[in-house]
Each structure stands twice: as C-alpha cells, then as structure tokens.
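Dear colleague,

I am passing a structure on to you with this email, and below it you will find my notes on what turned up when I went through it. Please read them alongside the sequence and the model.

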Amino acid sequence: MALLRAKPSAPPESLPAAPGDDRASLLANLHSPEPAVRRGAARALTSHPEAAMALCDRLDIETSPSVRAVLFTVLIRQESPAVVARLLVHLRSDDAALRNGTIEALQEMRGTVTPHVRDLLDDPDSDVRIFAVNILGALCDPETPALLVDVLRHEPHVNVCAAAVDALAEVGTPDAIEALEALRTRFGDEPFLTFAIDTTIRRIRGG
Amino acid sequence: MTISARQPRSPPTITEDEYAKFCEYFYRKTGIQFQDTKKYYVERRIADRIDKTETESFRDYFTFLRFQASGEELQHLVNSMTVNETYFFREDYQFEALVKGILPARTHNRSQRDPIRIWSIPCSSGEEPYSIALSILERWDQADNWDIEIYASDIDSRILNEARTGLYGARSLQRVPPALLSKYFLSRGEDSWQICEDLRNSIDFSLVNVVDPMQTRRFRNVDVIFCRNMLIYFDDVARRETVEMFYELLSPGGFVCLGHSESMSRMTSLFIPRKFQDTIVYQKPSKAE
Amino acid sequence: MSDTTPQASGARILVIDDGITMRLYYRTVLEAAGFTVEEATNGVEGYEKAVAQSYDLLIVDINMPKMDGYSLLRAIRSEAAIRSVPAVTVSTEAGPDDATRAFQSGANFYLVKPVAPQALTELARLMAGGRS
C-alpha cells in the first residue's frame, strides 16, 4: 500500500503569497493579463462594496468566461441600485453569453432590481422587454406577478406576451386569469400562445 | 359557517398540474429531479410542510415558498426530500468511473513524479474517502505507479473524528465484499470493524468550511473532487461561489463528481460534462486559463 | 394540432428551452406526431443530455441561462461523439444577422418564434426522420 502516500505533506505547495490584499493592488489585479489573477482579485473584492463600480468596469471589457462568471457572482453579493443600473446595459449586448449572464445575475438579486427592470418593460426593443419579463419572473419580489399581468394587458408583441405567460405559469395567482383570457382573445390565431395560456391557467387553477 | 377551532385537516390534494409546477420550480432551485414514480413520496412531504407552515393549501404554500426571500422554507423542503445516508461504495458507478475513466485520463502523458490529488468534500464519517482509496487499490491496475494523495474534509469536527477513527457497523459495510473486509478491516467486537491503520494514515483529514476561501486555499492542483449531495443544501449564490472555487483549485482537465441526483447544469457553464461508465462527471477544460 | 400524415416512428428529439410552456408545447406537438421528446431547461443541461444519450434532432432556444444556444451548438459541433446530430435553432430575434449567426454556430436550420405546429412537425420529420 505504499502507493497511497502516508500523510500527504499538508499544503501541497507553499501557498502563493497572499495576493496583495490591499484594495489598490486588488483593483490593479482586476486588469492583470492572467485570468486567474483577475478572478482572484474579483473574489477578494467581495468584501469591498466600494469596489463595485471597478468590478462593473472590468465586466464591460472582460471576455474570459471564467472571469465573467466570478465577476457576476461577486456583483450579486454587492447588489445595489448602481450595480443593477450598470448591469442592465449588457441586456443590449450582441454577446449572447454576456446578456444571459446578466439576466441570471439580476435574477439572483433580492431587493433593488424590480424598479429598474420595470422601466425596461417600455423599452422600444422587444427583446429587451422579453429579458425584463424573464428577470421579473424569477425574482422573489411579491410585486412581480402584478407587473406581469400588466404586460399581458398592454404589451403589443406576441413574444413578450408569451414570456409573461410563461413566467405566470409559476408565479401567477387566480387574479391573472382574466388578463390571460383577454390575451387569448387578442392572439386567438396564434397556436403557441393559446397553448401557453391554457397551460398557465391550468397551473394557476391547479387543474 | 361560524368560526371555529381549526378542524383536523385531511392531507391536501395536489393536482397533476400543481405537481408539475412544483417539480419544475424545485428542480430549478435545487437541481433535484423527481421521477413520476416519486409523486406519492413528494406529495407526502409537501403535505407535511403545508402542515408545519400552517398554510391552507398547496397554492398558499407554494406562494409562501416561492416568494420567501430568505429561502428558509426551501431549505426545510430540501432536508425533508433528501436522505442523507452514507455507506461504503455508495453510488459505486462513480468509483468505477474514477478508475476506468478519470484516472486514466488524468495520468495520460503525465510525469509519474507528479502526484495525483483527490479531494472528498464533505467526507462525513469517512466512507467516501475510504471507498476511493479501496477502489484505487483494488481496481486500478496503475495504482502502484503513482503517488496518490487523498484529502478528506468536512465542516463538522465530531464527524471528522469518526472518519479518522474509522469504526463502522454492518450497515455501513453492506456493500463491502467479504474479501475486502478481511483484507482491510479489523474486527472490533460485535457489529464493529475498524479500517486498517495504513489506510487511515494515508488520508489527510481536515476541518474545512467550503465557503471560506481562506480554508480552501491550501488545496491546489487537485485532479478529482468528489462533492456529492452537499450543494443541494446551498442557496444559488453559495453554490456559484463553491463551484467557482472548485474551478480554481482543480488542475486544468481535472474533474468534479457530484451526487447522482445533482447536475452542474444548474450552477455553472465552466465545466464540460463527460460521460464515463454511464455516469456524467464534470471536467475543467484542459486549456482552461 | 391533428395530423393525418404517417406517424414518425419514435425518432428522439431533445428540446432545449428555458420556457416551461414552450417545452410543453414542443412536447405536445411532437409527441402527437409520433416523436419521443425529452427536455432540457438550459444550454449546459442540453449539452449534458446530448452527451449522455443519442438524439435524432435537437431543438435549441437561443437565449437561455448558463449557456446560450449558439455556444451550445459550437460545443456540440466540436465534440466528436455528438457533432453530427441535426439541430434547429429557435429564436425571438429575426434580424438579418441572426440566421448567419445560427448557421455559423452549427445549426442546420433556423426558426423564428412563435413556431406554428405544422412547421415544427414538418421540419422534425424532414430532419429527424423516423426510426423503425
């Protein structure tokens, strides 16, 4: 049994010197050419909420998926209206991964997201409105079902309505049913939407 | 109807549509997927939580669960839906994948001076890291050619001491073939066997809180992480932080093994799913930055 | 959604979409046409299922959590064991670049939401065929 090394020498290698834990070096390391250094710096800045805008700046130009993932995670922890506002810009990005990472990060946040995202329900771009609905649909905010019902009443675009119907399949309450029925009248010739509305009403009623 | 004391309630009925809604939500939040055959089991536990939370119906309960910002009720639900038991060679197909797929992949074109590092977290009372050791010794024909370091960590110091002591009853050992039992264990009285000293000494046990970066920093260049049935108990953000930490500690091309009802797909896209011996394990890209 | 054309005999389709009602719609339409349907709720899960089992067709949403449809297709097209599975992307975007982007990522066909049931089953028959 010599193969299993008895008592592996505790720390496998001497640890790299603790990365400059002072804020200035962490901020500088956010722009290191090494992704691992950028990830380490971002992670270490979790406990520095005043660094949130610097993290947002990095996210604006970051292309490495692993660094982006860490930046998003840290920004979820540092949730604030300012962070939300900076993230929302990426909903218009051409980069699908950045867009979806942004949606997921906003969905994880707690209290500050709804007012900002609500404004996007009037955005001229229907895809941005869909993303807004996707975000609202995942929040724990009890205000969201009513916002989604509002979308059913006023939204002209079929795919945005479909996204709201889909979200209501999980969070809808019986007071959404009337708006769902009205939407069916409005888009009666659209088989998918009719199907989605029926499904959602069933999920709300419980069968 | 006049107001009266609450009637003893019959279990609330949960319709097909409510069940489907529940399963989709629960899956999204935990990664745990229920088969249709589990419906009765799941319903019983939901009914129990409806009772404990004093909600009136499935609909009320679901709204409470869905909009609770603290996520506390979801934790209660996860605890009630999962059985946290451990025994030797539990989910053995993963140890099979370790010796047939993962270790051959990790040792291909590699210097034998470079030790193989395996980390079991949470290791609980030790069945998992010892099963890893036994699988390597008994089922990997290359074992003698490599230095293999097995690390085992848990957040619970009491259970970690049990792991170090290595005393097990018949229930833990039910999957251990008699030949292995007599080769690696010593009888310590009725229904009690102790794993041999060599094996106990070969594993590095440590107290680790996985969400504390200072405590996980000593693990570096890990080849395989076994992390089974722990992340289901974490909230979404802690889960992200943990798998991102795994990414950091693994060597490029290293693997993560999760429990059979778990999937990395709910947590991150940083790893590549790989199929070995009918099980899916997750690999850090070998060209990872 | 009734259909009088011959039933596709059990060809397996993996539907990858984060919308609950969308997945159920695909399932209902395609099962009625005789296909066997499985679901994945995001791109990583789709990749995981495509690696674990074999499918005759993938139907892939573009905007999804964890891994978008384009990235998923690029990942599938670079993995030897599964690279040849036919795939359709379905998107809400109908800009001039979107079709190009879909084909460049490895899609064999491109649909825009909302998808009519006839279009879906016809395309599935064409691309997944029937297995007997």
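D154(B) is found in strand β2 of chain B, which covers residues 148-154; strands here are DSSP runs of E with at least two residues, helices are runs of H or I with at least four, and both are numbered from the N terminus. This is a predicted model, in which local features need pLDDT of at least 70 and side-chain atom pairs count only at pLDDT 80 or more, while totals for chains, interfaces and linings use all residues. Residues are numbered from 1 along each chain as its sequence is written, chains are lettered from A and ligands numbered from 1 in the order in which they are written, and side-chain values use heavy atoms, with hydrogens and water left out.

D154(B) counts as buried because its relative accessible area is 8%, where buried means under 20%, exposed over 50% and partly exposed in between, with a 1.4 Å probe and protein chains only. Leaving out residues up to four places away in sequence, D154(B) touches residues including P122(B), S124(B), I159(B) and V208(B), contact being heavy atoms within 4.5 Å. A polar atom of the D154(B) side chain lies 2.8 Å from the backbone nitrogen of S124(B).

The unreviewed UniProt entry lists D154(B) under "binding site", together with N84(B), T86(B), R90(B), E128(B), R228(B) and N229(B); the positions follow the numbering used here, feature names are shortened, and annotations may be inferred rather than shown by experiment. Of these, N229(B) sits in the loop between β7 (222-227) and α11 (236-249) of chain B, and is buried, with a relative accessible area of 16%. Apart from neighbours within four places in sequence, N229(B) is in contact with R90(B), E91(B), G259(B), S261(B) and E262(B).

Turning to the interface, 50 residues of chain B are in contact with 52 residues of chain A. The two chains bury about 4,400 Å² between them, 50% of it on carbon and sulfur atoms, buried area being the accessible area (1.4 Å probe) that two parts lose on being put together, summed over both. Seven salt bridges are found across this interface, a salt bridge being a side-chain nitrogen of Lys or Arg within 4 Å of a carboxyl oxygen of Asp or Glu. The side chains of E241(B) and R77(A) meet in a salt bridge, at 2.8 Å from N to O. On the side of chain B that touches chain A, the largest share, nine residues, comes from α11(B).

With best wishes

Definitions and conventions: Polar contact = N/O pair within 3.5 Å; in protein donor to acceptor, adjacent residues only side chain to side chain.
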